[in-house]
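Visitor: I would like to learn how to read a few features of a structure. Could we take them one at a time?

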Amino acid sequence: MRLLRLLCALLLVCTACSSETPSCAGVSGFTCTTLRVPLDHQRPDGPSLDLAVAAADNVDAPRGVLLMLTGGPGQPGVPLLARVRAYLAPEVLREYRLVMFDQRGTGTPGINCPALQRAVGGSDFLTAPAEAVDECAQRIGPGLGYYGTPDTVEDIEILRQHLEVDRLTLDGTSYGSFTAAQYGLKYPDRVRSLVLDSIVPHKGFDPLAVDLMATTGTVLKAACRQDPACTTDPVTDLAWLVQHGVSGTDLMESLSVSSLNTVNPSLKGIPAILHAARNGDDSGLKDFLQQATSSGLSYDTLSAGLHMATLCSDLRFPWTGQSTRSQSARSQALETALRRLDPKQLYPYDLRTVCEQQMIQGCLRWPAARTSTYPKAQQLTPRTLILQGSNDLFCPVEWARWEQANARSAQLVVVPGSGHGVQRDPRGQDEARKFLLG
């Protein structure tokens with residue numbers, strides 16, 4: 001055993017230590033193991049991380065490994081095994097060996113920042129107190145710069161070698177689609193095909209979230225047209241509420257959460273809530289803001305600390321790349337960027353909403369660390385299916401169209417009335433099945 005540990009320490013870049021357990025996330029036919037990876041892939045003999053892996057026992061599956069990548073960032077994989085297995089078609093499970101893993105910093109043990117977790121859960125929008133952000137950065141310590149997507153891409157490559165397969169099929173939802181695409185750009189010859197669900201474009205996105213704000217009006221209007229009970233203008237009502245003191249970030253959070261396919265992707269009833277609040281009855285709005293939120297999520301469901309560490313490394317902020325990274329310099333760069341924005345682009349939200357959202361306020365305080373670097377390749381070359389819901393308020397349809405235009409062989413399917421996480425919709429499941437078995 002001592003010799004085995006020594007070999008693992010010396011050969012971390014090309015191998016992994018694993019230990020079988022009697023059960024795997026309560027699902028029969030799967031084996032749980034532990035994948036050991038370097039914290040810093042440039043220092044294979046340095047500190048390491050142990051990542052939980054769940055793999056189906058059909059090691060000789062005809063079409064090889066199907067690696068499912070979860071979102072967030074911050075969502076673990078292994079605890080979701082039963083849920084994912086339930087929505088995949090039986091023939092897909094026969095033809096592929098399903099594999100899931102806890103991406104670095106997720107699951108148990110993972111990055112747990114209690115104050116930050118209590119404040120925002122897994123939200124992109126809710127603003128945490130400054131002291132919670134500071135405490136989280138201190139808790140993670142010197143390694144906080146090693147939780148970017150490129151680090152996870154290298155973890156996936158070690159996992160591929162550990163599974164002893166030449167190529168992977170990757171299926172990623174939300175942030176998982178970004179990770180899958182980044183792996184496809186870095187290692188195109190090691191990818192059989194890609195399913196990108198509710199896509200984050202591989203170029204990344206603007207952390208000021210201008211396009212997210214602009215898509216709100218389009219989606220709300222379309223949802224109203226599909227509901228005979230909707231006789232008001234929800235976009236005008238939303239803008240009025242923002243202009244009269246209701247938190248734009250709270251509204252963005254609750255509307256986006258509602259657009260999950262497991263919540264209320266049709267957004268039915270929301271226009272009436274907005275209209276009533278504008279006319280003085282805000283009881284429904286208060287309930288809506290309290291119930292449609294990810295603020296109550298525990299760290300082993302979606303780690304707020306990992307979420308922050310990844311976004312602050314991955315995204316390109318107004319202050320990214322500056323020679324000076326002082327707090328005042330960052331604030332000045334942000335103010336300059338805000339002055340350049342056209343308020344009409346943000347409607348029904350406003351500049352205050354842009355400034356107060358978690359991605360801005362959190363990363364504004366986050367210590368300067370490594371900035372994620374991405375492959376030089378700009379075109380995604382593997383065979384790809386892009387699934388997008390028309391009512392998704394986390395990932396606009398425009399992102400999916402951009403991804404298709406920047407992929408060599410990509411099929412885009414926009415599912416009308418569907419929301420975020422299209423493979424939770426039977427129509428999305430059917431499209432994925434046809435693609436994976438085609």
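Guide: Start with the second largest pocket. It is lined by 19 residues, and P150, D151, E154, K186 and T373 lie nearest its centre. The model is predicted: local features need pLDDT of at least 70, side-chain atom pairs count only at pLDDT 80 or more, and totals for chains, interfaces and linings use all residues. Residues are numbered from 1 along each chain as its sequence is written, and side-chain values use heavy atoms, with hydrogens and water left out.

Visitor: What counts as a pocket, and what as a lining residue?

Guide: On a 1 Å grid over the protein atoms alone, a pocket is an open set of points where a 1.4 Å probe fits, with protein on both sides within 12 Å along at least five of seven lines. Lining residues have an atom within 4 Å of a point.

Visitor: Which helix gives the most to the lining of the second largest pocket?

Guide: Helices are DSSP runs (H or I, at least four residues), strands likewise (E, at least two), numbered from the N terminus. Here α6 gives the most, with five residues. Both α6 (149–163) and α7 (175–186) supply at least two.

Visitor: How is α10 placed, buried or exposed?

Guide: Buried means under 20% relative accessible area, exposed over 50%, and partly exposed in between (1.4 Å probe, protein chains only). In α10 (residues 248–258), 10 of the 11 residues are buried, so the helix is largely enclosed by the rest of the structure. Among them are L251, M252, L255 and V257.

Visitor: Which helices do the buried residues of α10 pack against?

Guide: Contact means heavy atoms within 4.5 Å. The partners are α8 (210–225), α9 (234–243), α11 (270–278), α12 (283–291) and α16 (351–356).

Visitor: How many salt bridges does the structure hold?

Guide: The test is a side-chain nitrogen of Lys or Arg within 4 Å of a carboxyl oxygen of Asp or Glu. The structure holds 18. Take R36 and D50, whose closest N and O atoms are 2.7 Å apart. This pair links distant parts of the chain: R36 sits in strand β1 (residues 30–38) and D50 in strand β2 (residues 48–56), 14 residues apart. R36 is partly exposed at 27%, and D50 is partly exposed at 39%.

Visitor: Where do E135 and R139 lie?

Guide: Both lie in helix α5 (residues 130–140), four residues apart, about one turn of the helix.
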